[in-house]
Amino acid sequence: MQQENVSKNKLIYLAGGCFWGTEKYLSGIKGIIKTDVGYANGNTENPTYEEVCHNNTGHAETVRVAYDPEIISLTFILSLYYDVINPTSINKQGADSGTQYRTGIYYIDVADNEVIKKSIAELQKQYDKPIAIEVLPLRNYYLAEEYHQKYLDKNPNGYCHIGRDKFEKAKTAVNLSKNSVL
């Protein structure tokens with residue numbers, strides 16, 4: 001019997017406002033294996049984009065990030081994520097506002113919670129206002145409609161709250177050590 005090759009990839013779920021730009025940005029980082037967009041930690045099952053935008057479902061537009069921890073650390077991913085959000089803004093990123101645009105870090109590995117807490121504590125040192133990033137275990141995640149997947153690759157001139165310079169920075173970011181930050 002042949003033994004199955006078990007993947008060592010890990011998952012983290014990041015909400016950073018409109019998921020189009022957050023997904024494009026994260027997908028360009030070395031060590032991130034796969035990204036997709038969806039709706040996380042809401043109160044309804046299988047929501048549509050229209051429901052998330054207009055029906056108070058409690059979902060956040062979120063990017064599911066699969067990464068190789070041998071190449072990139074969660075700490076480094078979070079430092080890059082912080083670079084493209086306003087971590088003190090509540091329910092608003094760029095021109096988008098509403099609870100679906102809140103920032104959030106949703107984890108499935110309980111051990112990640114400590115890494116996230118330390119990272120948020122370090123981030124807080126840079127701000128006078130409190131950090132407003134929601135940090136919770138992932139309760140649910142529903143894949144968004146196909147037209148949202150890789151949206152900015154399909155629509156290069158589509159709206160994005162993240163500047164194009166950040167996409168270029170993401171492509172060249174390298175996690176030099178497990179404890180490295182930008």
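## Aromatic pairs

In this predicted model, the count of aromatic pairs comes to four.

Are Y81 and Y82 buried or exposed? Y81 has a relative accessible area of 0% and is buried. Y82, at 9% relative accessibility, also counts as buried, because the limit for that class is under 20%.

## Confidence of the model

The protein chain has a mean pLDDT of 92, and 93% of its residues reach 70 or more.

An open sheet is formed by six strands, in the order β7-β6-β1-β3-β2-β8, with mixed pairing. At its edges are β7 (134–137) and β8 (141–143), each of which pairs on one side only. From one strand to the next, the twist averages 35°.

Strands β2 (residues 32–40) and β3 (residues 60–67) run antiparallel and are joined by eight bridges. Within this part of the sheet, D36 has R64 in β3 as its bridge partner.

## Helices on the sheet

Helix α1 (residues 19–27) lies across β1 (10–16), β2 and β3, and its direction is at about 165° to that of β2. Helix α3 also packs on the sheet, where it touches β1, β2, β3 and β6 (103–107). The direction of α3 makes about 15° with that of β1.

## Nonpolar cores

The largest nonpolar core has 42 residues; I12, L14, Y25, Y82, I105 and I133 touch the most other members. Helix α3 (residues 74–82) gives the most to this core, contributing seven residues. Apart from this core lies another, of seven residues, including Y13, A60, L138 and Y141.

What is I105 in contact with, leaving aside its neighbours within four places in sequence? The contacts of I105 are I12, Y13, L14, L78, Y81, Y82, I116, I120, I133, E134, V135 and L136.

Technical notes. Residues numbered from 1 in each chain as written. Predicted model: local features only at pLDDT ≥ 70, side-chain atom pairs only at ≥ 80, totals over all residues. Heavy atoms only, no water. Core = buried A, V, L, I, M, F, W, Y, C linked by side-chain atoms within 4.5 Å. Buried < 20%, exposed > 50% of the residue type's maximum accessible area, 1.4 Å probe, protein only. Helix = DSSP H or I, 4+ residues; strand = E, 2+ residues; numbered from the N terminus. Contact = heavy atoms within 4.5 Å. pLDDT = per-residue confidence, 0-100. Pairing = 2+ DSSP bridges. Axes fitted to C-alpha atoms, helices over the stretch in contact; angles between N-to-C directions. Phe/Tyr/Trp six-rings, centres within 6.5 Å; stacked < 30°, edge-to-face > 60°.
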